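Reader: Got a model open here and I'd like to talk through some side chains. Can you take me through it?

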Amino acid sequence: MTSSITPLPPPPSRADPANFRSRADAFHGALPTFALEANALGADVSGKATAAAASAAAAIDAAHASNVLATAAANSANAAGAAASAPAWAGGAPYAVGMTTWSPANGLVYRCRAPGAGTQDPSTDPEHWQIAANIAPQLIETNAANINASAGGHYVLTFPGLVTIGLPVAPNVGDILWITPANGRADTLVVRNGRNIAGLAEDLVIDDPDASAALRYIDTTIGWRIVA
C-alpha cells in the first residue's frame, strides 16, 4: 500500500507563456496518480487509526483484568495469614465474641459474633458466626467457557467470550463462593443447578463487568443469596 504521495510537477504559469502548455499537460496528467495515491494514503491512515483504537481498548481490558487479579491475590494472601493463626473449630468449646476459628466443613475462617457459640459448626450457625471480614476464598483464575464452581472458591473469569458458571448441585448451608468477571463482559451466566437464587427459580446474569458477586447458600427456600 502506498504510504507517500508523488510530488506534482510545477504548475503552469501565465508569467511563463513559453512553457505554459507543456507544464499544463504534465500537471494535468499527474493528477490521476496524485488522487489514487492520496486515497490510498488516507485508507492506510484510517486503517492504522482503527488498529490503534482496538489496541488501546485491549490494553484497557488487560489492565482491568490485571487489577482484578492483583486485588484477588492480595485478598488470598490475607486469607492465608488469617487462616494460619486461627484454630480449627471444636464442638463444645467456649467461644467469646471476637474469637476466630476455621470450619472443618468448608475451610473458611469465621469470627464469633454473639455469645453461645460452640455447639454448631460455624458454617451452619450464622446466628453466632460470620465469615471474617478479611477472609477471601481460594483464588481460581480460569480461562474456560464452562465452569462447575465449588464452595470456597473465588473464580476470576478471563475467557474472552461468554462464560457459563454452574453453582454446586448439592450445597451445604453456609457455603459461599465468589465470581469475578475479568474479561470485560457484561453477560456472565450463573446457572442455579436446581437451587433458587435469592428465592427465585431463575439463573443469574452478572451484567456489570466491574462487579464481583459473592453468593452464600442459605436454605432450600432462599437458595443462594448475593451477599456482596
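Reader: Is Trp129 buried or exposed?
Author: Trp129 counts as buried, at 1% relative accessibility. Buried means under 20% relative accessible area, exposed over 50%, and partly exposed in between, using a 1.4 Å probe and protein chains only. Bear in mind that this is a predicted model, where local features need pLDDT of at least 70, side-chain atom pairs count only at pLDDT 80 or more, and totals for chains, interfaces and linings use all residues. Residues are numbered from 1 along each chain as its sequence is written, and side-chain values use heavy atoms, with hydrogens and water left out.

Reader: OK, how many aromatic pairs are there?
Author: Two. Rings of Phe, Tyr and Trp (its six-membered ring) pair if their centres lie within 6.5 Å; planes under 30 degrees apart are stacked, over 60 edge-to-face, the rest tilted. Tyr95 and Trp129 are edge-to-face, because their ring centres are 5.1 Å apart and their planes at 75°.

Reader: And how buried is Tyr95?
Author: Tyr95 is buried too, with a relative accessible area of 12%.

Reader: Why is the pair of Tyr217 and Trp224 edge-to-face?
Author: Their planes are at 65°, with ring centres 5.4 Å apart, so the pair is edge-to-face. Tyr217 is buried at 3% relative accessible area, and Trp224 at 0%.

Reader: Switching topic: what does Thr101 touch?
Author: Counting heavy atoms within 4.5 Å as contact, and leaving out residues up to four places away in sequence, Thr101 touches residues including Tyr95, Trp129 and Trp89. A polar atom of the Thr101 side chain lies 2.8 Å from the backbone nitrogen of Trp89. Thr101 is also buried, at 0% relative accessibility.

Key
A polar contact is a pair of N or O atoms within 3.5 Å; within protein, one must be able to donate a hydrogen and the other to accept it, and residues adjacent in sequence count only if both atoms are side-chain atoms.
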